[in-house]
Amino acid sequence: MIGLITEENIIWAARIHSASWKESHKEICSEPFLERHTVDSQIQYIQKEISRGKKFYMLTDGEPVGIISVDVNLIENLYVLPEQQRKGYGTSLLRWAVSRCSGIPTLWILSTNTAARCLYEKEGFRLTGKIHPLSETLTELEMAMHTAKRRILL
């Protein structure tokens, strides 16, 4: 089941975000930087993003396992608990988010995140050529859903 994140369940979303973010960034961030991404800091982050108009959703399968956010056509914050990955939850969340977009869904990925890129390409997303440098060695890459694939999913 996928439902809206509210003040009543935000702690679960923050736990997912914290654990998954640390796992996905452990190869590129220092230990002190990783440790700053606590459950409390992620609650504040999610609350701030919601106040800016993003909608956050949580996937529950007996217990909360993943989250995602959507802001018009921008998909962000796709995180699945590390021990629950490779079970289809990320695909389910991504498809849910795509169905919430009114136009062409877009997202940004870290240039080092090959697993995410494979998932997004499998689901019809393609690189747009837009990049956002984060450091001398790390960039974010924009991806947009190919419109033919979106018609098939919807």
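Reader: What should I know before I start?

Author: Residues are numbered from 1 along each chain as its sequence is written, and side-chain values use heavy atoms, leaving out hydrogens and water. Because the model is predicted, local features need pLDDT of at least 70 and side-chain atom pairs count only at pLDDT 80 or more, while totals for chains, interfaces and linings use all residues.

Reader: How do I describe two packed helices, and at what angle do α1 and α3 cross?

Author: Two packed helices are described by the angle between their axes and the distance between the axes. Here α1 (residues 10-25) and α3 (residues 39-51) have axes that come within 8 Å and cross at roughly 110°. That makes α1 roughly perpendicular to α3 (a word for angles of 65 to 115 degrees). Axes are lines fitted to C-alpha atoms, with angles from 0 to 180 degrees between N-to-C directions. Helices are DSSP runs of H or I, at least four residues.

Reader: Which residues of α1 and α3 meet?

Author: Contact means heavy atoms within 4.5 Å. I10, I11, A13, A14, R15, H17 and S18 of α1 meet V39, Q42, I43, Y45, I46 and Q47 of α3. By class, this contact has eight nonpolar, four polar and one charged residues.

Reader: Which residues touch the most other members of the largest nonpolar core?

Author: A nonpolar core joins buried residues (under 20% relative accessible area, 1.4 Å probe) of the kinds Ala, Val, Leu, Ile, Met, Phe, Trp, Tyr and Cys, through side-chain atoms within 4.5 Å. The largest has 24 residues, and I75, L94, L107, Y120 and F125 touch the most other members. Its largest share, five residues, comes from α4. Apart from it lies another core of 15 residues, A14 and I43 among them.

Notes. Angles under 35 degrees count as roughly parallel, over 145 as roughly antiparallel, 65 to 115 as roughly perpendicular and the rest as oblique. Ala, Val, Leu, Ile, Met, Phe, Trp, Tyr, Cys and Pro count as nonpolar, Asp, Glu, Lys and Arg as charged, and the others, Gly among them, as polar. Buried means under 20% relative accessible area, exposed over 50%, partly exposed in between (1.4 Å probe, protein chains only).
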